[in-house]
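The exercises below go through one protein model in steps. Try each task before reading its solution.

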Amino acid sequence: MRLAGRRANALRKRAQDTAAHETDARGTAMAKTVNVGLIGYKFMGKAHSQGFRDVPFYFPDVKAVPVMKVICGRDEEGVSQAQKQFGWESYETDWRRVVERDDIQLIDISTGNNVHAEMAIAAAEKGKHIFCEKPLAMNVREARAMVEAVKKAGVINMVNFNYRAVPAIRFAKQLIEEGLIGRVFHWRAFYLQDWIIDPGFPLVWRLQGDVAGSGSHGDLAAHSIDLAHYLVGEIDEVVGLQETFIKQRPKLARTTGGLSAAAAEEMGEVTVDDASLFLVRFKNGAVGSFEATRFAAGHRNGNMWEINGEKGSLRFNVERMNELEYYDHTQPGDRQGFRVIQTTESSHPWMSAWWPPAHIIGWGQTFTHQIYELMNGIADGVNPHPDFEDGLKCQMVLEAVTKSAQERRWVKVDEV
Ligand code: SOE
């Protein structure tokens, strides 16, 4: 969506100022470039690095090419290894030095949730564009301050709800907007994982309330809420419950991979939810249910949803992310059945950049798509979605659900 008036002009001017045009030896204009500083080098740092690296390779039409200038992390040995492995020009151990560098135009925040607000506000004050991991913040208060900061600075901002960048999901959005399934009655979302069922699994940062803000709620349900906003509409009120099944775990000795870690001897408190379940009423009259848990044995990363409308249904599971299922309720009863659409045709969103039909893509490519949209947004001075305002809307629903679980009542999203 084009931003109106003075703010759009300010954004465009800033983008033009900061995204430098390069010229080749003959002086021919080439794509603009955007110098990137990435904070965080572990699971998300790796996923984002891959996106920055792949965008110009697979999307030569990108309007601004990311230059992988500097990666930042507190542990020098770890971050210097990541710098070499992922292909960054340099590394830094203090994020403030990255934000203060005049040659950096985009700050990517791929850290634990408790520092998103501080980093984003500092980056905005320095006039940097910002790409931030989800959930946007620890709470609504922080998210509001972040939105205010990017608006005041007039910088491009995006929050990495990467599932919006799954071709099947973007295609579902197109089909819904075309009216294929008509009026929507139901949204049903499950985000099911099983990586912490073992009580001996240690207290990684995702299980610490002061770093993560919440557990499966902010980590998983946040994605489902964002998709519900994207595909169905805004949420009016919620009622929910949350549960922590394992209340004490061994403290963390060290992380050993994306979601794996070694345990220490000493025990500590789990200060987040293990599971979050809630019902919602959408402003447009549809109703929805959500379930997010890390205790669903057999589901490694089952991000699933189904939408039921008057003319049919759509459903999706990220573990089969190249497929969108469609049920056509207008067909005669004796020919009914869900059918599987392979969303790998060149006409499907982003797919012309990849492989021939049914030569499937994977989870990592959602980051490439997000960064492609972000780079084009920076070049054009047009804020891509999901942006910080979308992140705030999600945060409001998260907080309303937690309030509802604590107070055992329906809560209006506008109350928080
Ligand atoms: C771990 O639960 C995790 O990596 C989340 O943090 C991501 O947001 C989700 O996409 C996959 O699972």
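**Exercise 1.** Which domains does the domain assignment of the protein give?

*Solution.* Begin with the ground rules. This is a predicted model in which local features need pLDDT of at least 70 and side-chain atom pairs count only at pLDDT 80 or more, while totals for chains, interfaces and linings use all residues. Residues are numbered from 1 along each chain as its sequence is written, and side-chain values use heavy atoms, with hydrogens and water left out. The bounds come from an automatic or database domain assignment. Domain 1 is 2-163, and domain 2 is made of 167-320 + 322-361 + 391-415.

**Exercise 2.** Describe the interface of the two domains.

*Solution.* Start with the distance: the C-alpha centres of domain 1 and domain 2 lie 26 Å apart. Next, take contact as heavy atoms within 4.5 Å. By that rule, 22 residues of domain 1 touch 32 residues of domain 2. Then turn to buried area, the accessible area (1.4 Å probe) that two parts lose on being put together, summed over both. Between domain 1 and domain 2 it is about 2200 Å², with 66% from carbon and sulfur atoms. Of the area that domain 1 buries against domain 2, Tyr58, Phe161 and Tyr163 supply 34%, more than any other three residues.

**Exercise 3.** How many salt bridges does the rule find across the interface of domain 1 and domain 2?

*Solution.* The rule asks for a side-chain nitrogen of Lys or Arg within 4 Å of a carboxyl oxygen of Asp or Glu. Across this interface it finds one salt bridge. Lys134 also forms a salt bridge with Asp219, where the closest N and O atoms are 2.9 Å apart.

**Exercise 4.** Where does Pro135 lie, and where does Pro386 lie?

*Solution.* Helices (H or I, at least four residues) and strands (E, at least two) are DSSP runs, numbered from the N terminus. Pro135 is in the loop between strand E6 (129-132) and H6. The peptide bond from Lys134 to Pro135 is cis, with omega near -15°. Pro386 is in the loop between helix H10 (364-380) and helix H11 (388-407). His385 and Pro386 are joined by a cis peptide bond, with omega about 0°.
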